[in-house]
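Open the model in your viewer and keep the selection panel at hand. We will go stop by stop.

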Amino acid sequence: MALLTYSYAALFYVAALVLVSGLVVKIVRYARTPAPLKIPTTPAPTSRSGVALRMTREVVLFESLFRGNKWTWIFGWIFHFGLFLVTLRHLRYFIEPVWAPIALVQPFGIYGGIAMVIGLLGLWARRFLVDRVRYISSTSDHLMLALLVLIGTSGLLMKFVFHTDVVAIKRFFLGLYALDPQPLPADPLLLLHLLLVALLMIVFPYSKLLHAPGLFFSPTRNQVDDPRERRHLAPWARALEQQAPAASSDPRG
Amino acid sequence: MAKATFDVPELTPYTEVPAVTPGAMAHSAPFVSKAEFQGPLGFPGELVEDWQTRAIDKMGELLGKYRSLRVYLDSCVKCGACTDKCHYFLGTQDPKNMPVGRQDLMRKVYRRYFTLGGRLFPKLVGAEDFTKEVLDDWYSYFHQCSQCRRCSVFCPYGIDTAEISMAAREIMDSIGVGQKYCNEIIGKVYKIGNNLGLPGPALVDTLEGLEEDVFDETGVKVRYPIDEEGAEILLVTPSADFFAEPHVDGLIGYGKVFHAAGVSWTLSSHASEAANFGMFIGSYDNMRRVAQRIREAAIALKVKRIVFGECGHAWRVAYSFLNTLAGPWDFLDPRYPVPQHICEFTHDLIEQGRLTFDKSENDDKVITFHDSCNVARASRMGEVPGGQFEIPRAIIRATCNHFYDMDEDTIRDRTFCCGGGGGLLTDDLIELRVKGAKPRLDALNNVMQEKGVTHMAAICAICKSQFTKVLPYYGMEMDQIVSLHQLVSNAIVLEGGEDDDEEDAPAAA
Ligand code: HEM
Ligand code: SF4
Ligand code: SF4
């Protein structure tokens, strides 16, 4: 019992550390790498606020994907919106007292879980049924979907079939904050669910899940269309300018 | 009908998405650059000994210089939204011509050498060593991308395969594997001033000939000046405009518009080329060096404004990059954007009611308009986003009575590339060019059948050359492609008289 609790405690400390440090390293690197040229996909907004709006539409509505492929959009959006509700619902295990909005969202979180799994199955089906998508899918793409489907179904099974002691789970996680792990119920389904979640946290910064932070750093989406009005110069390009006045072939200049 | 050594696709009313056929275009690759064309650009003459290490190092360098590359190689989720968007995939069925398929050629190498997953579990995440076979694939398929950015419109993260193709070509150049067509041309620009290698005296002759032709035809002395110091406007235009059909009809049109506006203008023999092939090969250094010619010409000729002629990729470099590469432009007249597009110039005059047209001059034509990919998705005209779609159409409506757009899915920011952009406009890639034109020509054929369209106007030298060449493969006529300013030229009503009036005319536009 104690061994189980301590190994899961250790697992979650490691997973949280990898997730946070991995993401911070990646995000800092994205932020530090210059975008030397103006490359927004036009028509593009001509102001910062316009860009914020464009980005919001991409994050909330998946606007470009909507224009690109309706089936992927429907399943993808259902999955992500479901995931979002589920995440909100799960916050109750990690905060005390539980905020009112989180309490309110609880029933929707369950629908979210179902939606998430349906969305994932739809996306997975495309990987078999559409020859182009089959061609581009690698093993890791299938494994990622398998991981998320398993997380979702094990969660739903605990909700609807094999109930577990949620109060004890909350005590376990709150205990982790205080470096004082409390006993974790030894339900196999719960242990599987938690193991997979820890795995997801660990692979997050090293996999295509980087699309979530990546979107915010995508120059084709986050740049303002104002190159004639404002001179855009990356630091390494400025350094070129301070060398010889451009290697020109003709002295007439 | 031109003869082909390959199967020309059948046109269909709407472009259908083909089943994937692996390897269908594996044989397609452009001629490799010889040492003599590599040197002047600062690249090794042939494949270097330790090419693999140097290529990986170069990739590392680019990952540190271009956020686009770093973010795009990490972010793709293989959702597939881009898979049916590339005209080269639609025309050739080769899955490595699906944008994500093309990106993956680089991504698998990136993963192998730059990510934890790829170092530990290469098979699992599709990572691969950079072998000679992979390099050959790179050379083939990164020269089957016209950098048209259609894929970036539909990708949920805006992943732009053009950025990847440019980086790949830069890496290949750095290990001595260059493409002959692009690199030879950039060398010509350095040596002679333009892509076609037309020397100054030849340009002077040609322009004098144009003045005579226009005078014979209209009875008005329209000038086509070159290297005239003190002119108000420097016109930078693709060198095809100097002689090739239908390009030259566009140049004639620009001259007539300047004449009607009463502004002085000049071409420059030093910067006698709008196109900047430095972009195609992803070389910031070469792109900058080519762009600097325009700055030098503007200073030498003491002009106040810069206007660009009809050219797509050139307008991308001009609109989006020129300020970065060759600015600041604080010595020019601050009342005008730098640079301006000839369509912006003409459109402003139309808005002010300063041009008179006889639209019936174009009544022998029913026009449609081809949005050039780089104008549509990598630049703007006018003050508001989307001006690049509305302004050329407004000019057509002002000069022609019969105009119909093609299918909505194939115009504006969803336009299809002509099939010859991005440094692929060379005869050694003719199969690719013909097949890549299919989606555009499907839509053109459709409006020809349904609306009786006879001509397609374009504002890009590459599009015009490409269509002139490939239309006959599909049983169409090469002269069905026209310059936008050719329509202006046909319809504009000029006033005769003082042709050599060089006083400071009231600033136009
Ligand atoms: C800013 C937040 C996020 C945005 C805007 C976003 C957006 C998208 C979009 C547009 C797609 C492509 C369509 C699809 O296949 O669903 C996608 C795919 C995916 N997303 Fe996200 N996402 C976000 C966060 C997350 C997170 C936190 C996860 C974590 C578990 C995740 C997991 C996935 C997976 C696994 C796929 C691939 C699905 C497949 O294989 O088809 N996303 N995401
Ligand atoms: S940029 Fe254009 S040519 Fe290149 S992959 Fe994307 S759609 Fe195809
Ligand atoms: S649309 Fe973007 S994320 Fe989707 S497969 Fe293509 S490149 Fe990858």
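Select A:Phe62 in the loop between α2 (48–61) and α3 (63–68) of chain A. Helices here are DSSP runs of H or I with at least four residues, strands are runs of E with at least two, and both are numbered from the N terminus. A:Phe62 is not a glycine, yet its phi is positive, about 55 degrees. Most residues other than glycine have a negative phi, and most peptide bonds are trans.

A note before moving on. This is a predicted model, in which local features need pLDDT of at least 70 and side-chain atom pairs count only at pLDDT 80 or more, while totals for chains, interfaces and linings use all residues. Residues are numbered from 1 along each chain as its sequence is written, chains are lettered from A and ligands numbered from 1 in the order in which they are written, and side-chain values use heavy atoms, with hydrogens and water left out.

**Two cis bonds**

Go to A:Pro97, in the loop between α4 (70–90) and α5 (100–129) of chain A. The peptide bond from A:Glu96 to A:Pro97 is cis, with omega near -5 degrees. Now switch to chain B and pick B:Pro328, in the loop between α15 (312–326) and β4. The bond from B:Gly327 to B:Pro328 is cis, with omega near -5 degrees.

**The four-stranded sheet of chain B**

Show β1 to β4 of chain B. They form an open sheet in the order β2-β1-β3-β4, with parallel pairing; two strands pair if DSSP finds at least two bridges between them. β2 (265–266) and β4 (340–341) stand at the edges with a single partner strand each, so one side of each has no neighbour in the sheet. Next, select β1 (residues 233–236) and β3 (residues 305–308) of chain B, which pair in the parallel sense over four bridges. B:Leu234 stands opposite B:Ile306 in β3(B).

Helix α13 lies across β1, β2 and β3 and runs at about 170 degrees to β1(B). Axes are lines fitted to C-alpha atoms, for helices over the stretch in contact, and angles run from 0 to 180 degrees between N-to-C directions. Contact means heavy atoms within 4.5 Å.

**The three-stranded sheet of chain B**

Select β5, β6 and β7 of chain B. This open sheet has the order β5-β6-β7, and the pairing is parallel. Its edge strands are β5 (367–369) and β7 (481–483), each pairing on one side only. The twist averages 40 degrees from one strand to the next. Three bridges join β5(B) to β6 (residues 455–458). Zoom in on B:Thr368: its bridge partner in β6(B) is B:Met456. Helix α22 (residues 484–491) of chain B lies across β5, β6 and β7, at about 70 degrees to β7(B).

**Where the chains meet**

How many salt bridges cross the interface of chain B and chain A? The rule finds five, taking a side-chain nitrogen of Lys or Arg within 4 Å of a carboxyl oxygen of Asp or Glu. Select B:Asp413 and A:Arg67: they form a salt bridge, with the closest N and O atoms 2.9 Å apart.

End at A:Arg228 and B:Glu344. They form a salt bridge, the closest N and O atoms being 2.9 Å apart. A:Arg228 lies in the loop between α11 (219–222) and α12 (235–242) of chain A and B:Glu344 in helix α16 (residues 342–351) of chain B, so the pair joins two chains.
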